[in-house]
Amino acid sequence: MSFIDYPEERKIIIRDYSFDEFKAFFDLIPTGMLANSIKVLPKINGFRTGKDTEIKLKVFLGRIDRWDQKEWRLFSRIWILWAESQESLMNLINHQDIKTTVEKMLSSQSEKIRIMNILVQGEISQSIISHWLKFGPFNIDMNILWLVSLAPPATLKRLEERIGTLERQNYDLQQKLFEKQSETIEESLSTLASDFLNIKEEVSLLDKETVKVARKAQQIEHETLTLTNHVNKLSKYKSISSDAYKKLIEQIASLNQTSKDLELNYNMLASDQLRLEDHLNQINMNEIEASIGRIKKIGQMAAVAEANQIYERNIKFESEPIQLSSLEQALTHLKNNLNSLGIKLADAKSISFEVLSAVLSNQLVMFCGSMAMFVAEYCAASLCGHTAKIINVPFGKIDDLVSYEQIDQWINQAKSYGCPIAIIFEGLNRSSFEVYGASLKKFIAKRIVMLKSEDIPIVFMGTIVTGSSVLNLGREILEIGPVFNTDHIGWNYKNITPYTTGVIDSSILTRQEIEIIDHLEIEDLLPKGIVEHGSILWRKTIAATYKTMIQVDSSFDFSSVNFGWLIPTTSLYFSDHMEQLFDEIELDERCKALINYMKLEIQ
């Protein structure tokens, strides 16, 4: 592809453009053509080929102050590609050799004005001419600006196109309306003819029914006259006693006796009620109420005392832990232990890298699935093999499970040991985390955003349990750490071997603040549609994760946050179409399996 050398004064002006200005220019180039033209730029790890165009351009433009001749020539090729994609522009200039045309315009002011006159008279919109000049190698003077002002504005061009479109649509609508009216008239005439026949048939039926009714009326009149004659004859006879009359008298006498029995029973019940009221008046209701109050208070005090009690269980380690004095040593040790648990080596490597990154950035590391507690214990033993505690989260907890005083106690305990300790919360979702975990979340959040740190940090882990009586994960808990689903990683079926305990050096846990990439924001690395649903704290957690991952392995893949961080959070909002959101991101087998599982859960 041809290239054009930009004059130095144009380079100075173009360097000051914002990324949004560049993006508006690039958006006018067909996506496939643009992606193909920048294939020479380095690939961004974690993004599928062809899906990383925008982020590659942002990284490329972020270094514009350091561009050499090679990079300026690449930009000139993109500019020529843009020009070739504008059909109206190519129709007016030498589209077969645009480089020659541009070079003539650069070398001759009169040639430049001649070409500009052609463009203006060709009624190309101002926006296209402006883009062509703004990002091109041309020096722009007042004569050029005056010529550009004569070109029709883009709004006018769009208005003309819109009017033409509306005229065509109006003609089409008139034709359709005429056809519709004709069809409607024909249908109405057909309906009227059908209704006329139906009414005619109904009138005939009505005539027949009228004849039947007249005959029936005559029959009823005759029967009524006959019945009247019979009644007149019967009224001449006098009433006499009968067996039916005697039975009626006996039934009346029986009912009178039953009424007397009921009245007697009612009087007896009224007497019993008076005796019960006398006994009730003798009871001291105040004493009973006071006793009930004392019993309730004692029960409430016992319930509060039991609810506020933390049940700790120390994991018993059989051997002295290995001292882990470097990141590489800690990563390898954790990977080997997870592999000994039965996790396949490739996934053990990924999980160990992600867990260690979360630990180094002071997050709450969570596990779910059928092997959650096993994986949590193996991770705790690998990094905090001197002391690890398990705390069972109770059901229905409605106040703080862990107070600031308890956290200070753990910190002092870790300092006395001279090494970090691990705290594993079993069943984080048995109760509402935003209620019982308020103090714990605030403490962890402060550490994530570097507002609070200790010489010997505590490593917090947790498990998510399943069942009909537990709660679903909410945004509050996902803001401060990852969730690793143990059922969607690769497992082998060999015998499990015990872990080898290890203790990571406290100095390694002191995270250094570094920049990710020049001119690159966290939002640029996240799938479109997810960023706006994540809170600021969640974004800071992702940022801390990226920065830590760079420290652990500078060649890491940006998609390493998918499995533990992005997918669990995304499932809260988009579980029915997660595949589309992650279309531009490279997904490993774990992520694919997890997304498919979440789709089935929704169905």
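Ala, Val, Leu, Ile, Met, Phe, Trp, Tyr, Cys and Pro count as nonpolar, Asp, Glu, Lys and Arg as charged, and the others, Gly among them, as polar. I am working from a predicted model.

**Entry 1: the largest pocket**

I looked up the space in the largest pocket and found about 790 Å³. Its lining has 26 residues, and the closest to the centre are Asn-472, Leu-473, Tyr-597, Met-598 and Glu-601. I then sorted the lining by type: 14 residues are nonpolar, 10 are polar and 2 are charged.

Which element gives the most to this lining? I found that H25 does, with 5 residues. Strand E7 (483-485), helix H23 (562-574) and helix H25 (589-602) each supply at least two residues of the lining.

**Entry 2: cavities**

I searched the whole structure and noted 3 cavities of 30 Å³ or more. The largest cavity holds about 50 Å³ of space. Its lining consists of Val-359, Asn-362, Gln-363, Arg-447, Pro-457, Ile-458, Val-459, Phe-460 and Leu-509. By type, I wrote down 6 nonpolar, 2 polar and 1 charged for the lining of the largest cavity.

I placed Ile-140 in the loop between helix H9 (126-134) and helix H10 (142-150).

Why does Ile-140 count as partly exposed? Its relative accessibility is 35%, and partly exposed covers the range between buried, under 20%, and exposed, over 50%.

How values were computed: Residues numbered from 1 in each chain as written. Predicted model: local features only at pLDDT ≥ 70, side-chain atom pairs only at ≥ 80, totals over all residues. Heavy atoms only, no water. Helix = DSSP H or I, 4+ residues; strand = E, 2+ residues; numbered from the N terminus. Buried < 20%, exposed > 50% of the residue type's maximum accessible area, 1.4 Å probe, protein only. 1 Å grid on protein atoms, 1.4 Å probe; cavity = no way out; pocket = protein on both sides within 12 Å on 5 of 7 lines; lining within 4 Å. Points joined across faces, edges and corners; volume = space filled by probe spheres on them.
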